[in-house]
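Subject: Structure handover

Hello,

Here is the structure I said I would pass on. My notes on it follow below.

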Amino acid sequence: MSDQPAIPRTGTETSKEALIERFGRDLVNDFDLDDPAFNENFDETLNFMVSKCPVVHSQVGRGYYLINTQDDVRAAAQNWKTFSSAKGYMPNRPEGLPFLMPEESDPPIHTRWRRVLNPHLSPKVCAGYEQAVRDDVNELIDQFFERGECEFISEFGALLPGWAFFKNVLGVPIDDLAMLVNGVEEGTFSPDLDERARHFGEVFSYLEKHLKWRSTQPSRGDLIDTILEGVTYDDGTESPWEHKVSILVDLTFGGIATTTFVLGSAIHHLATHPDQLQLLLDDPSLIENAIEEYARFFPPVVALGRTATTDVEVAGTPIKEGEFVMLTYACASRDPRHMDEPDKIDIRREGIPHSTFGVGPHRCIGSNLARIELTASLEEWLRRIPSFRVKEGGEPTYVTGYLRSMRSLQIEW
């Protein structure tokens, strides 16, 4: 456990006693991403931390810090030499879990991989997938449309991103999607760290087998062929097999673990705010901006980690070399220093400064595809199901850690 002094704060509302009474624990000196209280009071906790606590500390496991303001998050994310990704982005990482390339690497290795991977997920390439994604959206809706209700997450939200990514980008069979989704979910949120490692191991094993099979097949000129070809590192060595496997795991993880939450949250918001729903029905041109606002307000990535490579100070808080630091993207997207009323959803908001897709060299490689999925889903859903509501007793359930996930949502029309 990290042995750090209490982070100094002023004001009665950030006193230890006041924080415990309000949030169930001392957020400043004893925060815990996996605390059920954080899951239950997610919005209130984010709003409070970004406004009152620029840096907080966790004593869980080996300990970690969270950086919360937009300016500090952006500065740290862009300064990879001081805040390194090479030791992973998960706090208290399970022993033996391989690092996920290129996310858990720094330049120049990260740069080498992103240079060859980026073209496969460019705006132009992803735009070419739009009709196929719309077809998938409608195929999924067809399966429950006449029934007049659905469990949105399992019947749509958890499937569409995987279909879009596996069919169009990876060419991985969608028959195995449910297993991979479960592996990613349990690998992220299981309270047992050994179970997290086991589930991640199953995902690694499956994708390694697929990569080995593809290596025996004729080239398709696709993303997997680019991964198999690999890159040459600056020291002249060729990227090893385990790096190629981890690239595929990293892309799959991102492709199925994040867009679902924004989709589910947007549908829930519209189902419970008929005035907002009517705005989009009356003027579908607002959907593009609404997606940015929903991505800002419903962050699937709460925080991703870095390791301090030297002693550094952030917002008056000293952080020692080797300490683990989380960049709280979810807080940064609600910073009142950069927008008016950040705790409210405003689909007409101009210049939405969110950090949902990350910042700096490690910015999400799949953001272009995610926007296509979100746009196609909302447009087709509202076209076919313009009036809907949450089924009685079907309010969403959530689980939260360094990611946030909606587990269920019952919708009827």
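**Leu286 and its contacts**

Leaving out residues up to four places away in sequence, Leu286 touches Leu279, Leu280, Ile347 and Arg348, where contact means heavy atoms within 4.5 Å. Before going on: this is a predicted model, in which local features need pLDDT of at least 70 and side-chain atom pairs count only at pLDDT 80 or more, while totals for chains, interfaces and linings use all residues. Residues are numbered from 1 along each chain as its sequence is written, and side-chain values use heavy atoms, with hydrogens and water left out.

Leu286 sits in the loop between α15 (274-282) and α16 (287-297). Helices (H or I, at least four residues) and strands (E, at least two) are DSSP runs, numbered from the N terminus. Leu286 counts as buried because its relative accessibility is 11%; buried means under 20% relative accessible area, exposed over 50%, and partly exposed in between, with a 1.4 Å probe and protein chains only. Leu286 and Leu46 are 240 residues apart along the chain, and their C-alpha atoms are separated by 26 Å.

**Helix α3**

Leu46 belongs to the buried residues of helix α3 (residues 42-52), which also include Phe42, Thr45, Phe48, Met49 and Val50. Among the elements that cover the buried residues of α3 are α1 (16-23), α2 (36-40), β1 (55-58), α17 (329-332), β10 (397-400) and β11.

The search was run on a 1 Å grid over the protein atoms alone: a cavity is a set of points where a 1.4 Å probe fits but cannot get out, a pocket is an open set with protein on both sides within 12 Å along at least five of seven lines, and lining residues have an atom within 4 Å of a point. Grid points are joined across faces, edges and corners, and a volume is the space filled by probe spheres set on the points.

The whole structure has 2 cavities of 30 Å³ or more. The largest cavity holds about 630 Å³ of space. It is lined by 34 residues, and Gly254, Thr258, Cys364, Ile365 and Gly366 are the closest to its centre. At least two lining residues each come from α5 (109-117), α13 (241-257), α14 (259-272), β5 (304-308) and α18 (367-384). By class, the lining of the largest cavity has 18 nonpolar, 10 polar and 6 charged residues. Here Ala, Val, Leu, Ile, Met, Phe, Trp, Tyr, Cys and Pro count as nonpolar, Asp, Glu, Lys and Arg as charged, and the others, Gly among them, as polar.

The second largest cavity has a volume of about 50 Å³. Its lining includes Phe23, Arg25, Asp32, Asn41 and Thr45, and divides into 5 nonpolar, 2 polar and 3 charged residues.

The largest pocket has a volume of about 270 Å³. Of the 16 residues that line this pocket, Ile153, Ala158, Val181, Glu185 and Met406 lie nearest its centre. Two or more lining residues come from each of α8 (152-157), α10 (177-189), α13, α14 and β11 (404-408). The lining of the largest pocket has 9 nonpolar, 4 polar and 3 charged residues.

**Cysteines**

The structure holds 0 disulfides, a disulfide being a pair of cysteine sulfur atoms within 2.5 Å. For Cys364, the closest cysteine sulfur is in Cys126, 10 Å away, which is too far for a bond. Cys364 is partly exposed, at 33% relative accessibility. For Cys331, the closest cysteine sulfur is in Cys53, at 8.9 Å, again too far for a bond. Cys331 is buried, with a relative accessible area of 0%.

**Loops**

The loop between β3 and α5 holds Pro102, Pro108 and Asn92. A cis peptide bond joins Met101 and Pro102, with omega about -5°, and another cis peptide bond joins Pro107 and Pro108, with omega about 10°. Asn92 has a positive phi, near 50°, in a residue other than glycine, and is buried at 15% relative accessible area.

Glu341, in the loop between α17 and α18, also has a positive phi, near 45°. Glu341 counts as partly exposed because its relative accessibility is 46%.

Regards
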